[in-house]
Amino acid sequence: MKKLFCFIVFVFLLFTIQIDLSEDDFAIVIEDASGNERSYTVQDLVGTAEESGEDANESGESGDSGELTLVENTSEGSETDRTGQADSSADGSLSGTDSSADGSLTGSDIQNEPGDDTAQNAAQDEDSTQQSSDGSDGQSTDEQGTSEQMTGSETTESANSASGSEPDADTLLAQGLTEDYFEREVAGSTGWNAASAELKERAISSSDTIQTLSAGTAFCIQEEDGGWWRIALADGTTGYVQSDYCMINLPDILPTIEYDITNSYFSIYKSWGHEIEGVTGEKLYDAGTLETDGKVWNERLDRYEYLVPVMYSAAKKIAIAQYNAYTVTGGAYTLKIYDSYRPHSVTIEIASALSSLYNANSEVREHVDYSTEPSGSIYTWGYSWFLAQSLSTHNTASAIDVTLCEYDQQKGEFVEMAMQTDVHELSTAAIKYYSGSAEKIPENYSSAMTESAVLLDMIFIGGSHGDYTFLDTGMSTLASEWWHFQDDTTHSRVRGYVSGGCNFQVTECLSE
């Protein structure tokens, strides 16, 4: 108590005789209630505020109240203490707390969460979730929907570009996004049920069943009610289905993504540059009703567009990836999707055709079986790494094949970026990591990975890259395909519900 009394007297005298002392002239040691001694410096509020070039209070007054504040000596000669950059409170006093780091990640912080290595190894698990493969050459540009695109100058700056922290709902709404990072509301979108499902009168499992829907039935989503959607069928019948086992049409909620579902009109699958008989150049499945380019008229978007089904839970993660690519960068980039849901029978068809080419062509066989790094190290792969032999994550609508486009100011449109191969190149030319057994971290990238491919990867796995800090989407990737990203959690859930994967075509668009 004596020390505190002496200190008060000293401060009184300081004001009385107007001694001008700098903050570094002395330190005061005060004993707290617990008997611990703490060292403090005296800072002149007026001097600190003037040094920072900011008013000390919100009223805009000069702040020369003569108020002194004690700042604990947490570190000798700290930058905050010496430059007057400590936080200011509303009443003009300065906080003694050092400003925290901005939360951005350094290069050493960036790493993907490794997946299940057993699931990645095709030789150990033929039904692996890691064996699906897709792609596209990226040379065919979707000319539709350019009116939906916004230039970099038309987009707002990202709220998380510096820190990488997840934006709150208000921030997303201010950017024109929903709380799930969607660019448009779910209501009004086309959806499909992944398997046979009961249409309920109310949003509860015990509710009466209106009718049973066959797998792949198209509907328009009317509203969300917890884990349920109220839907309207093509004939006007309404009811409720569980959204956990339903797909949503991605363009309806993420129209800024570019789409070119080549498998719906002209497949671009190749292996080491060789066409795959019965696959390359063929229409493999429907993504609409137009035979010319695979699209269908979308009333909601007011244009022809592909039908791009993905499981609803996976769509939420893809939305974060587009947020990273488009919003965080101020419209500099956008995703371009080449494949999403693929009927199970199509996966088997492609796998069989690739196997035939592999057996007949020694050049293909060599570059499917082995990769060589600049060090001279050779790694073994095999064709099962490049296409699922049984169940693919695409068969549960839990994966996408995607590349990246950059906004070209001169052309006024997004242009596909150069990657190490075209999408759907089924050989070791397309590998992401030097080995299938390597841990999935950037340090293990294949020497073939381009800067554009690295940027795409960061957009999905999160971390700092150049001037941007991206959120982690929660999706995983494949060692063998730079373009493939999948939602393992969704795949596991749907796989338990539809053990053989989904095997229906989509042709109806009921969006409004």
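The side chains of Thr421 and Trp482 are joined by a polar contact of 2.9 Å. A polar contact is a pair of N or O atoms within 3.5 Å; within protein, one must be able to donate a hydrogen and the other to accept it, and residues adjacent in sequence count only if both atoms are side-chain atoms. The model is predicted: local features need pLDDT of at least 70 and side-chain atom pairs count only at pLDDT 80 or more, while totals for chains, interfaces and linings use all residues. Residues are numbered from 1 along each chain as its sequence is written, and side-chain values use heavy atoms, with hydrogens and water left out.

**Surroundings of Thr421**

Thr421 lies in the loop between strand S21 (413-416) and helix H10 (451-461). Helices (H or I, at least four residues) and strands (E, at least two) are DSSP runs, numbered from the N terminus. Not counting residues up to four places away in sequence, Thr421 touches Ala429, Ala430, Trp482 and Trp483, where contact means heavy atoms within 4.5 Å. Thr421 counts as buried because its relative accessibility is 14%; the classes are buried under 20% relative accessible area, exposed over 50%, and partly exposed in between (1.4 Å probe, protein chains only).

**The chain as a whole**

The protein chain has 11 helices and 25 strands, and 53% of its 512 residues count as buried. Among contacts between residues at least 6 apart in sequence, 70% join residues at least 24 apart. The accessible surface of the chain comes to about 22,600 Å², with 45% of it belonging to carbon and sulfur atoms; these areas come from the Shrake-Rupley method with a 1.4 Å probe.

A nonpolar core is a set of buried Ala, Val, Leu, Ile, Met, Phe, Trp, Tyr and Cys residues joined through side-chain atoms within 4.5 Å. The largest has 84 residues, and those with the most contacts inside it are Trp229, Leu250, Leu335, Ile337, Leu404 and Phe460. A second, separate core of 19 residues includes Trp192, Ala314, Tyr341 and Cys509.

Helix H7 (residues 312-327) has 16 residues and reaches 21 Å from its first C-alpha to its last, close to the 22 Å expected at 1.5 Å a residue; the expected span is 1.5 Å times one less than the number of residues. Because 14 of its 16 residues are buried, H7 is largely enclosed by the rest of the structure.

**Cysteines and Ser355**

The structure holds 0 disulfides, a disulfide being a pair of cysteine sulfur atoms within 2.5 Å. The sulfur of Cys509 is 8.9 Å from the closest cysteine sulfur, in Cys220, and is therefore too far for a bond. Cys509 is buried at 18% relative accessibility, and Cys502 is buried with a relative accessible area of 1%.

Ser355 is placed in helix H8 (residues 344-360) and is buried, with a relative accessible area of 17%. The C-alpha atoms of Ser355 and Ser384 are separated by 8.8 Å, with the two residues 29 apart along the chain.
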